[in-house]
Amino acid sequence: MLVPPGITGAIARVVYDRALPDLVNDGDTNVLIEVFPDIVINAAMVDVSVHLGRVQDVQLWEARYKEALKDLAALNARRRGRMVGDV
């Protein structure tokens with residue numbers, strides 16, 4: 001789904017860098033789950049709240065998700081030497 005909707009008949013191409021391995025088995029893990037499990041939990045809770053129709057909960061979990069995402073972006077910037085601070 002494109003937001004805003006695209007032009008009918010237009011071709012869309014998605015290009016991305018794959019940074020994490022597939023999670024296939026129950027015991028599989030990756031650095032995102034190990035270092036920032038809050039991102040996964042908060043994103044899941046947003047979906048649960050939407051499914052249950054709890055608008056106030058959606059706003060709460062979305063704010064927590066965005067804050068955790070911001071923290072992860074800062075950590076990534078520090079690791080790449082773009083930002084000063086503890087890793």
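**Helical architecture and side-chain contacts**

With a relative accessibility of 3%, Ser-49 counts as buried (buried means under 20% relative accessible area, exposed over 50%, and partly exposed in between, with a 1.4 Å probe and protein chains only). The model is a predicted one, in which local features need pLDDT of at least 70 and side-chain atom pairs count only at pLDDT 80 or more, while totals for chains, interfaces and linings use all residues. Residues are numbered from 1 along each chain as its sequence is written, and side-chain values use heavy atoms, with hydrogens and water left out.

A look at the overall fold comes next. The protein contains three helices and zero strands, where helices (H or I, at least four residues) and strands (E, at least two) are DSSP runs numbered from the N terminus. Along the sequence, the pattern reads α-α-α. Of its 87 residues, 14% count as buried. The accessible surface amounts to about 7600 Å², and carbon and sulfur atoms hold 56% of that area; accessible areas come from the Shrake-Rupley method with a 1.4 Å probe, and for residues only the protein chains shown count as cover. Among contacts with a separation of 6 or more, 27% join residues 24 or more positions apart (contact means heavy atoms within 4.5 Å).

Ser-49 itself belongs to helix H2, which covers residues 37-52. Leaving aside residues up to four places away in sequence, Ser-49 touches Arg-54, Asp-57, Val-58 and Trp-61. Gln-59 lies 10 residues from Ser-49 in sequence, and the C-alpha atoms of the two are 9.0 Å apart.

Two of these contact partners of Ser-49, Arg-54 and Asp-57, also meet each other in a salt bridge, with their closest N and O atoms 4.0 Å apart. A salt bridge is taken here as a side-chain nitrogen of Lys or Arg within 4 Å of a carboxyl oxygen of Asp or Glu. Arg-54 is partly exposed because its relative accessibility is 48%, and Asp-57 is likewise partly exposed, at 26%. Across the whole structure, two salt bridges are found. Glu-67 and Lys-70 also form one, with 3.7 Å between the closest N and O atoms. Both residues sit in helix H3 (residues 55-79), three residues apart, or about one turn of the helix. Glu-67 is partly exposed at 41% relative accessibility, whereas Lys-70, with a relative accessible area of 52%, is exposed.

Trp-61, another contact of Ser-49, has the charged end of Arg-64 over its ring, 4.8 Å from the ring centre. For such an arrangement, NZ of Lys or CZ of Arg must be within 6 Å of the ring centre and within 35 degrees of the ring normal.

On the surface, Leu-23, Ile-33 and Val-40 make up a nonpolar patch with about 220 Å² of accessible area together. Patches are made of residues with over 30% relative accessible area and no salt bridge, like charges being joined within 9 Å and nonpolar side chains (Val, Leu, Ile, Met, Phe, Trp, Tyr) within 5 Å. Leu-23 lies in the segment before helix H1 (31-35), and its relative accessibility of 44% makes it partly exposed.
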